[in-house]
Amino acid sequence: MPETTPSDPAAAAAAPKPAGSKGVKSKLQKKEVVLKNIPYPFWFGGSASSMAACVTHPLDLVKVRLQLRSGDAPKNMSGTFMHIVRTSGPRGLYDGLTASLLRQMTYSTVRFGVYEDLKRRFTPEGKKPSLPLLIGLSSFSGLMGGLAGNAADVVNVRMQQDAALPASQKRHYRHGLDGLLRMARAEGLSSWFRGVWPNSARAALMNAGQLASYDTFKVLLMSYTPLGDTTTTHFASSLLAGFVATTICSPVDVIKSRVMSAHTNKSLISFMTEIYAKEGVSWMFKGWVPAFLRLGPQTICTFLFLEAHRKAYRNIKGIEE
């Protein structure tokens, strides 16, 4: 019997297919997974991502400091973490949190909202969305999210880096909105779009690696394991999606952080040439481990919070599981 899996996750799994004939070695049994096509509110992704940011912000801060390190700054994650606590106290681990929340409210709201809406529109009722379709839709929605959240992302990177800069170069933004206004006054509105193309490219890759792979891993786990649409499935799917997204995004993430934090206006090609001349090919995965240790928990928290949003919505609306 063919699969029937519309695009959005609130799921029920049918009984497994009968085992093969006697004497034939048993194979992994595939269940048919029926995913209900429910139009969830557009803002769910931004809300879930903001909650996740509150949990994982210290890891994001450490990742940015490692990518932008210079001089005798610590070279590893634990050293950077302890350096921040010694110099700025525990509160220093949340430098730039307001900008991070502003970024999630713009970037993540758009990327999740557009992705889910397009997925419903482009997936015929009773059909399962193909992986190429998921990758295409998630890449496009990530690009839209990157454009929408670029200004907040610039402020976020600058606020996270500020404490590590010499006194003469510190910007002292009080919060995310203050950073946006001061950037516009001092550097013009064009500063809001600094690094917009590497950032948007990263957002497209991130979404393809995160959202498309999460949906794919979730359906596979529900189809080939007895887990069903459970927290365990959500946890495992998001962990795998975090690994995929980190690996895909690492090179673009390094470039994005350096372009946004720069005090000079160099072209993207100039930045890449300079980095390659100084560090060789290894720059592409600089900070991969802290990036995964940040993105893995961030991806897990985001999807667990998102699935909790969805479950609460279904309960409120009286939609059967």
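Me: What does Asp-178 form a salt bridge with?
Reply: Arg-182. In this predicted model, their closest N and O atoms are 3.5 Å apart.

Me: Where do Asp-178 and Arg-182 lie?
Reply: Both are in helix α5, residues 176-187. They sit 4 residues apart, about one turn of the helix.

Me: And how many salt bridges in the count?
Reply: The count comes to 12.

Me: Switching to helix packing. At what angle do α3 and α6 cross?
Reply: Roughly 55°. Helix α3 covers residues 97-122 and helix α6 covers residues 196-224. Their axes come within 12 Å.

Me: So what does that make α3 relative to α6, oblique or parallel?
Reply: Oblique, because the crossing angle is roughly 55°.

Me: Left-handed or right-handed crossing?
Reply: The crossing of α3 and α6 is right-handed.

Me: Which residues make the contact?
Reply: From α3: Arg-103, Tyr-107, Arg-111, Phe-112, Tyr-115 and Lys-119. From α6: Arg-202, Ala-203, Met-206, Asn-207, Gln-210, Leu-211, Ala-212 and Asp-215.

Me: How do the residues of that contact divide, nonpolar, polar and charged?
Reply: The contact of α3 with α6 has 7 nonpolar, 2 polar and 5 charged residues.

Me: Now confidence. What pLDDT does the chain average?
Reply: The protein chain averages 83. At least 70 is reached by 86% of the residues.

Me: Where is confidence highest and lowest?
Reply: Helix α3 is highest, at 93. Strand β1, residues 11-13, is lowest, at a mean of 47.

Me: Which residues stay under 50?
Reply: Residues 1-7 do, with 30 contacts beyond four places in sequence in the model. Residues 9-26 do too, with 36 such contacts.

Key. Residues are numbered from 1 along each chain as its sequence is written. This is a predicted model: local features need pLDDT of at least 70, side-chain atom pairs count only at pLDDT 80 or more; totals for chains, interfaces and linings use all residues. Side-chain values use heavy atoms; hydrogens and water are left out. Axes are lines fitted to C-alpha atoms, for helices over the stretch in contact, and angles run from 0 to 180 degrees between N-to-C directions. Helices (H or I, at least four residues) and strands (E, at least two) are DSSP runs, numbered from the N terminus. Angles under 35 degrees count as roughly parallel, over 145 as roughly antiparallel, 65 to 115 as roughly perpendicular and the rest as oblique. A crossing is left-handed if the near helix is turned anticlockwise from the far one by less than a right angle, and right-handed if clockwise. Contact means heavy atoms within 4.5 Å. Ala, Val, Leu, Ile, Met, Phe, Trp, Tyr, Cys and Pro count as nonpolar, Asp, Glu, Lys and Arg as charged, and the others, Gly among them, as polar. pLDDT is the predictor's confidence in each residue, from 0 to 100. A salt bridge is a side-chain nitrogen of Lys or Arg within 4 Å of a carboxyl oxygen of Asp or Glu.
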